[in-house]
Amino acid sequence: MSETRKIDVIIPTYHPDEKLEKCLRMLKRQTVQPQKILLINTEEEFFHSKVFSTLKQGEIIHITKPEFDHGGTRNQAAAMCDGEIMILLTQDAIPADEHLIENLIKPFEDEEVCAAYGRQMADKKDNPVEAYTRIFNYPKESRIKSKEDLPKLGIKTFFCSNVCAAYRKSEYNALGGFPLHTIFNEDMIFASHLIEAGKKIAYAADAKVWHWHNYTAKDQLKRNFDLAVSQVDAGGLFTQVKSESEGIRLVKMTLRHFIKKGQFYYIPKIITQNGAKYIGYRLGKNYKKLPKKWILKISLNPWYWK
């Protein structure tokens with residue numbers, strides 16, 4: 001059934017490096033091949049991928065940095081695709097095996113599933129703390145989420161990530177696509193609209209990508225500031241659920257894990273980084289009370305405020 005679906009893959013790029021090369025090579029090996037792989041690249045002068053030219057179904061469009069918008073740029077690419085299912089990846093998400101697309105589109109056999117997202121994994125050798133915390137948001141068990149899960153899951157009901165996600169194109173169009181001029185978090189905002197509309201979101205644990213960052217505490221503060229700003233500006237379900245309790249549960253779980261393993265040297269990093277996340281998030285939730293000059297220093301995306 002899934003083999004007959006028309007599938008498009010969209011990857012926004014900016015200053016792509018060897019991770020994009022690896023991503024494209026793995027896409028060529030997929031058991032289910034997309035009809036189109038569309039790269040929407042910011043600033044043509046920084047794009048030098050030789051692998052892309054070998055993709056028979058590859059297309060690329062170049063935009064300038066002022067034209068980029070988290071939601072709008074993806075909408076622009078989506079308008080160029082006519083597949084039944086649209087897969088979104090980031091340039092640094094590397095498929096873990098040749099079954100990524102096959103497993104990511106399986107949940108769409110349920111007609112009420114309108115979005116699915118894959119499992120993100122981190123290298124234990126490169127970043128053991130990140131590798132463990134990934135399990136919190138990306139466990140080994142798949143699940144389907146709907147409006148009925150809101151009392152139990154809260155904000156995680158509409159957790160979704162465009163690092164590796166798929167959308168039913170008809171429902172994407174019906175809801176107007178991703179929100180325009182968002183500082184961040186266009187994926188979860190759209191997912192919240194799906195849940196509000198009574199649709200379902202699938203977490204496909206067997207659709208796996210390697211993806212992680214080695215953020216500093218300062219990076220975490222800025223990232224979580226923008227995350228909270230996006231939630232405040234989005235309104236809707238974001239005003240009805242709390243997410244701080246999930247963060248506290250993650251910190252406790254992570255500390256217990258590394259204490260149990262006797263790796264106490266990771267405790268300062270865990271406390272510092274999560275403390276920065278919390279401070280950034282609380283500042284973001286109250287950004288309307290902050291002076292503009294503070295906001296420009298705290299935000300990861302100062303262009304948004306100009």
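1. Let's start with the overall layout: the domain assignment divides the protein into domain 1 (7–210) and domain 2 (217–305), with bounds that come from an automatic or database domain assignment. Please keep in mind that this is a predicted model, where local features need pLDDT of at least 70 and side-chain atom pairs count only at pLDDT 80 or more, while totals for chains, interfaces and linings use all residues. Residues are numbered from 1 along each chain as its sequence is written, and side-chain values use heavy atoms, leaving out hydrogens and water.

2. Domain 1 brings 22 residues to the contact and domain 2 brings 27 residues, where contact means heavy atoms within 4.5 Å. About 2,400 Å² is buried between domain 1 and domain 2, and carbon and sulfur atoms give 77% of that. Buried area here is the accessible area (1.4 Å probe) that two parts lose on being put together, summed over both. Which three residues supply more than any others of the area that domain 1 buries against domain 2? They are Tyr-132, Phe-136 and Ile-183, with 33% of that area.

3. Now for the helices. Helices (H or I, at least four residues) and strands (E, at least two) are DSSP runs, numbered from the N terminus. Helix H4 (residues 128–137) packs with helix H9 (residues 244–260) at an angle of about 130°, and their axes are 10 Å apart. Axes are lines fitted to C-alpha atoms, for helices over the stretch in contact, and angles run from 0 to 180 degrees between N-to-C directions. H4 and H9 are therefore oblique to each other; angles under 35 degrees count as roughly parallel, over 145 as roughly antiparallel, 65 to 115 as roughly perpendicular and the rest as oblique.

4. Who touches whom in this pair? On the H4 side are Pro-128, Val-129, Tyr-132, Thr-133 and Phe-136, and among their partners in H9 are Leu-250, Met-253 and Phe-258. By class, the contact of H4 with H9 has 7 nonpolar, 3 polar and 2 charged residues. Ala, Val, Leu, Ile, Met, Phe, Trp, Tyr, Cys and Pro count as nonpolar, Asp, Glu, Lys and Arg as charged, and the others, Gly among them, as polar.

5. H9 also packs with helix H10 (residues 267–285), at an angle of about 175° and with axes 10 Å apart. That makes H9 roughly antiparallel to H10. The H9 residues that meet H10 include Val-251, Leu-255 and Ile-259, and the H10 residues include Ile-267, Ile-270 and Tyr-278. This contact of H9 with H10 has 9 nonpolar, 2 polar and 2 charged residues.

6. Helix H8 (residues 217–234) is another partner of H10: the two pack at an angle of about 30°, with axes 7 Å apart. H8 and H10 are therefore roughly parallel to each other. Among the residues making the contact are Leu-221, Phe-225 and Ala-228 of H8 and Ala-276, Gly-280 and Leu-283 of H10. The residues in the contact of H8 with H10 divide into 11 nonpolar, 7 polar and 2 charged.

7. Finally, two backbone details. Glu-43 is not a glycine, yet has a positive phi of about 70°; Glu-43 is found in the loop between strand E2 (36–42) and strand E3 (58–63). Asn-185, also not a glycine, has a positive phi of about 70°, and Asn-185 lies in the loop between helix H6 (169–174) and helix H7 (186–196).
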